[in-house]
Amino acid sequence: MPPYKIYRFKSLTSTQDKAKEFAKKGLSDIIIVAGIQTKGRGRFKRKWHSGKNGLWMSILLKPKNIRNLQYLTFAASIAVAKSIKKIAKIDAKIKWPNDVHYKGRKLCGILTEGIFGKENHVVVGIGLNANQIKFPQEIKNIAASLKIIKKKTIDMEKLMKTIIDGFFKIYCSQYDKNKFQNILKIWGNYCDTIGKGVVVITKTRKLRGEAIGVDENCNLLLKAKNKIIKIVEGDLNVRY
Ligand code: BT5
């Protein structure tokens, strides 16, 4: 595992933005953590609610070669699901492509972004609802926190370090060594999307079918009307 340094801030627009500032200075293997984010974001510029008591962090990396970034999202979701199990004793599952949920309620979202320039960096952003006791109206029916599920306060520091260690373990032993099949295999142990009937919503269409697997680029394979369709990005509605 590389020696990493954690930078903590009370409030930031987004830990992703701060990580990008650090990247411009040539830094890597650092973690940015914020108490709150005023402009936390998800995929497709969607809002990520980041009030008090959540774990909002970004891991800044400088991989030797940058290949499919989706594997880093998968690595982070594995680390989160495993750590939740270890620290909070909750059986959280992964939903393709970037969520960790409990019984269909979103606990965590991951946003992986590449920064390409003279030097290439990657920022893996992890947003995990840890100790919130309520949510804004907009996400009240879809979100959950570990505290709401367990009815007790979670040690966020321990949770954070377990996630970081878990992530770097996969990053160093699998991603950096091009062992992508191994990442997919471990991911499969925590993901409960495959084998389920799903509705896929992409920018241009809505498809109903069965999630039958992921290909070597982490795209979802959807069986719909006897055809297999490759889904590169989108959102899934799954009934649990
Ligand atoms: C994600 O996007 O799930 C990625 C979220 C990544 C957040 C982290 S926090 C640290 C770092 N800094 C950032 O600025 N971002 C990263 P997506 O799959 O697009 O899901 C976004 C959707 O999740 C929103 O449209 C809401 O429906 C829902 N949502 C927003 N805030 C939420 C929350 N706190 N808990 C559960 N669901 C939420």
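Visitor: How far is an oxygen atom of the ligand from a polar backbone atom of Arg43?

Guide: This is a predicted model: local features need pLDDT of at least 70, side-chain atom pairs count only at pLDDT 80 or more, and totals for chains, interfaces and linings use all residues. Residues are numbered from 1 along each chain as its sequence is written, and side-chain values use heavy atoms, with hydrogens and water left out. A polar contact is a pair of N or O atoms within 3.5 Å; within protein, one must be able to donate a hydrogen and the other to accept it, and residues adjacent in sequence count only if both atoms are side-chain atoms. For the backbone of Arg43 and the ligand oxygen, the distance is 2.9 Å.

Visitor: What share of the ligand's exposed area does the protein bury?

Guide: Areas come from the Shrake-Rupley method with a 1.4 Å probe; for residues, only the protein chains shown count as cover. Taken alone, the ligand exposes 800 Å². The buried share is 93%.

Visitor: Which element gives the largest share of the shell around the ligand?

Guide: Helices (H or I, at least four residues) and strands (E, at least two) are DSSP runs, numbered from the N terminus. Elements giving two or more residues include helix 1 (15-24) and strand 3 (55-61). The largest share is 4 residues, from strand 6.

Visitor: Why does the pair Phe167 and Tyr171 count as stacked?

Guide: Rings of Phe, Tyr and Trp (its six-membered ring) pair if their centres lie within 6.5 Å; planes under 30 degrees apart count as stacked, over 60 as edge-to-face and the rest as tilted. The count comes to 10 aromatic pairs. Phe167 and Tyr171 are 4 residues apart in helix 4 (residues 156-173), so about one helical turn separates them. Their ring centres are 5.9 Å apart, and the pair is stacked because the planes meet at 15°.

Visitor: Which peptide bond is cis, with omega near 0°?

Guide: Look at the loop between strand 4 (93-95) and strand 5 (99-102), where Pro97 lies. The cis bond runs from Trp96 to Pro97.
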